[in-house]
Amino acid sequence: MKKIVVFTGAGVSADSGIATFRDSDGLWANYRIEDVCTPEALAMNRSTVIEFYNIRRRELLQKRANAAHTAIASLESRYEVEVITQNIDDLHERAGSSKITHLHGELSKLRSMADSERIYDIPGWKEAAKAVENGADVDDYASVWKEELEAKDPYGDLLRPHVVFFGEQVPNYDLACRIAATADILIVCGTSLAVYPAAALVFAVKKDIPVYLVDPGSPDTSRIANPVHFIQKKAAEGMPELCRRLLEQAV
Ligand code: APR
């Protein structure tokens with residue numbers, strides 16, 4: 001069975017109604033990174049940072065996986081598939097992908113301020129997502145999406161969003177490179193390839209394998225030595241088309 005590695009960014013969730021970062025209407029057009037996504041911001045303006053991620057959790061519970069997430073999950077019927085995502089949403093999980101590595105953390109988790117190895121699933125997250133998908137009011141689940149300012153873990157240490165801030169290490173990067181090196185096919189979807197080290201993942205694959213790029217924009221692929229097949233379409237349109245083709249040609 002051939003192996004496909006799918007490397008995704010914010011664009012794969014754009015068609016679910018979740019803002020990207022660097023598009024004209026992106027998150028960084030409305031918030032300053034230094035106010036909400038750095039260790040210094042968390043130390044100096046804890047309430048602003050906690051509130052920013054509470055808003056994003058509340059929004060995420062109201063969104064659904066789109067056709068791109070579903071198409072990626074469908075590849076598992078004929079390929080070994082691993083998803084490596086820069087996204088902190090859980091839409092790949094909700095679409096049914098079974099092997100997912102998050103490079104920049106996960107909105108549905110918190111972690112200890114004292115020990116970054118102590119990571120905690122937010123209790124009731126999956127149930128809340130399912131209930132809201134079935135029409136429940138997201139504010140009936142505020143205890144799930146709202147991290148309290150002084151929330152502590154069982155060891156008594158303050159908690160924080162399990163999100164990699166700018167300037168912080170990307171703990172899963174080496175693992176992601178090892179995964180990428182085993183790919184027979186690489187699919188890149190919905191990333192500007194602007195943020196390192198994540199963007200360097202495209203250089204971790206074997207040089208002779210095909211790279212498929214699905215993006216309505218024009219990420220810079222000039223440094224990719226591999227043959228690049230560019231599908232200049234939105235993920236919800238381009239990914240189902242690509243995945244259908246790959247499933248038809250699967251051996
Ligand atoms: N379908 C597919 N791709 C899309 C769509 C869509 N509907 N809409 C936009 N895109 C593309 C854009 O053209 C761009 O290439 O998605 C990409 C979004 O780029 P960014 O906003 O830079 O998002 P991303 O690449 O995921 O950012 C990387 O930067 O701020 C940090 O931690 C954050 O993980 C994030 C990282």
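Visitor: Where does the ligand sit?

Guide: The model is predicted, so local features need pLDDT of at least 70 and side-chain atom pairs pLDDT 80 or more, while totals for chains, interfaces and linings use all residues. Residues are numbered from 1 along each chain as its sequence is written, and side-chain values use heavy atoms, without hydrogens and water. A molecule sits in a pocket if more than half of its atoms lie within 2 Å of the pocket's grid points. By that criterion, the ligand sits in the largest pocket.

Visitor: How many residues surround the ligand?

Guide: The shell divides into 9 nonpolar, 9 polar (Gly among them) and 5 charged residues (Asp, Glu, Lys and Arg). The closest are F21, R22, T191, S192 and D215. With near meaning a heavy atom within 4 Å, the number surrounding the ligand is 23.

Visitor: Which residue has a polar side-chain atom 2.6 Å from an oxygen atom of the ligand?

Guide: Polar contacts are pairs of N or O atoms within 3.5 Å. A side-chain N or O atom of R22 is 2.7 Å from a ligand oxygen, and a polar backbone atom of Q86 is 3.2 Å from one. The side chain at 2.6 Å belongs to D215.

Visitor: Is L193 buried or exposed?

Guide: L193 lies in the loop between β7 and β8, and its phi is positive, near 55 degrees, in a residue other than glycine. Buried means under 20% relative accessible area and exposed over 50%, with a 1.4 Å probe and protein chains only. Because its relative accessibility is 11%, L193 counts as buried.

Conventions: A polar contact is a pair of N or O atoms within 3.5 Å; within protein, one must be able to donate a hydrogen and the other to accept it, and residues adjacent in sequence count only if both atoms are side-chain atoms. On a 1 Å grid over the protein atoms alone, a cavity is a set of points where a 1.4 Å probe fits but cannot get out, and a pocket is an open set with protein on both sides within 12 Å along at least five of seven lines; lining residues have an atom within 4 Å of a point. Helices (H or I, at least four residues) and strands (E, at least two) are DSSP runs, numbered from the N terminus.
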